[in-house]
Amino acid sequence: MISRPSGPAGRLIVALDVPEAARAESLAHKVAPHAGLVKLGLELFCAEGPGVLGRLARAAPVFLDLKLHDIPNTVAGAVRSLAPLGASMLTLHAGGGPAMIAAAREAAEKAGRERPLLLAVTVLTSMDEAALEATGVSGGAAAQVVRLARMAVSAGADGLVCSPREIRAIRDSLGEAPALVVPGIRPAGAAAGDQSRVATPEEAVRDGADWIVVGRPVSGAGNPGEAARAITAGLPR
Ligand SMILES: O=c1ccn([C@@H]2O[C@H](COP(=O)(O)O)[C@@H](O)[C@H]2O)c(=O)[nH]1
């Protein structure tokens with residue numbers, strides 16, 4: 001399994017949220033010297049299919065962010081089908097519950113090759129308190145994130161996806177063991193867009209993120225390679 005970075009180099013994951021493989025590949029090669037991984041998400045995977053993963057992997061290790069969420073048998077089958085692609089990280093929704101997470105872990109272990117880090121997505125970084133309440137969750141994002149994090153790790157997740165606002169609460173509750181992958185990152189002055197629970201790259205790493213995920217502030221920059229370089233250069237040791 002991919003190991004956690006011990007310093008700034010490799011902490012940045014760049015999200016390649018574009019609809020064409022050629023554009024994603026070009027972006028991946030530009031940012032690779034300054035990033036630990038590139039992230040393949042739903043937009044590109046749905047547009048281009050599984051074959052795009054191998055093309056991106058020529059530039060950098062790939063984080064496959066499909067956020068699996070279904071009954072345990074179906075998620076286990078998806079993990080078996082995805083295993084040969086060789087992703088270094090794979091996401092599933094913590095909200096699928098402990099049996100779903102345990103089934104995914106068992107399927108990943110039986111897949112017979114180096115398995116991806118299994119990351120449970122807690123509460124999407126786009127959700128504010130009102131959106132959470134609309135889904136029936138009261139008591140605030142932090143409490144819900146910590147509740148899901150504890151359950152997911154004890155069911156077999158290797159790590160968690162959370163917003164930068166909950167890193168400290170997770171570390172206080174679960175210590176250093178789970179890998180923390182943190183989107184909702186905005187360099188100072190960058191537009192938040194649809195993200196709600198955000199912080200800067202420096203704040204997230206200082207609070208205990210292992211990896212930070214940045215998409216539009218890099219992919220939409222005039223010079224994505226330079227944008228990625230500047231983020232990594234500004235991270236604390
Ligand atoms: O809670 C989550 C889980 C995943 N993401 C993904 O991260 C990137 C963020 O992109 P930006 O352009 O930097 O907002 C994107 O691919 C999401 O699917 C997340 O934002 N929040």
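Predicted model: local features only at pLDDT ≥ 70, side-chain atom pairs only at ≥ 80, totals over all residues.
Met-127 touches Leu-132 and Ser-196, leaving aside residues up to four places away in sequence. The predictor gives the complex an ipTM of 0.99 and a pTM of 0.98.

**Met-127 and its surroundings**

- Met-127 lies in the loop between β5 and α6, the latter covering residues 129-134.
- Met-127 counts as partly exposed because it has 19 C-beta neighbours inside 10 Å, while a buried residue needs 20 or more.
- Leu-40 is 87 residues from Met-127 along the chain, and the C-alpha atoms of the two are separated by 21 Å.

**The barrel**

- Eight strands form a closed barrel in the order β1-β2-β3-β4-β5-β6-β7-β8, with parallel pairing.
- From one strand to the next, the twist averages 25 degrees.
- Strands of a sheet pair through backbone hydrogen bonds, in either a parallel or an antiparallel way.

- Strand β3 (residues 62-68) and strand β4 (residues 89-93) run parallel and are joined by three bridges.
- Leu-68 has Leu-92 as its bridge partner in β4.
- Helix α5 (residues 98-110) packs on the sheet and touches β3, β4 and β5 (117-121).
- The direction of helix α5 makes about 165 degrees with that of β5.
- β4 and β5 also run parallel, and five bridges join them.

**Burial of β5**

- Five of the five residues of β5 are buried, so this strand is largely enclosed by the rest of the structure.
- Both faces of β5 are covered.

**Around the ligand**

- There are 17 residues around the ligand, and Ala-15, Thr-125, Pro-183, Gly-215 and Arg-216 come nearest.
- By class, this shell has seven nonpolar, six polar and four charged residues.
- Strands β2 (37-41) and β8 (211-214) each supply at least two residues of the shell.

Conventions
Residues numbered from 1 in each chain as written. Pairing = 2+ DSSP bridges. Helix = DSSP H or I, 4+ residues; strand = E, 2+ residues; numbered from the N terminus. Axes fitted to C-alpha atoms, helices over the stretch in contact; angles between N-to-C directions. Contact = placed C-beta atoms within 7 Å. Near = placed C-beta within 6 Å. Nonpolar A, V, L, I, M, F, W, Y, C, P; charged D, E, K, R; others polar. Buried ≥ 20, exposed ≤ 12 C-beta atoms within 10 Å, placed from the backbone.
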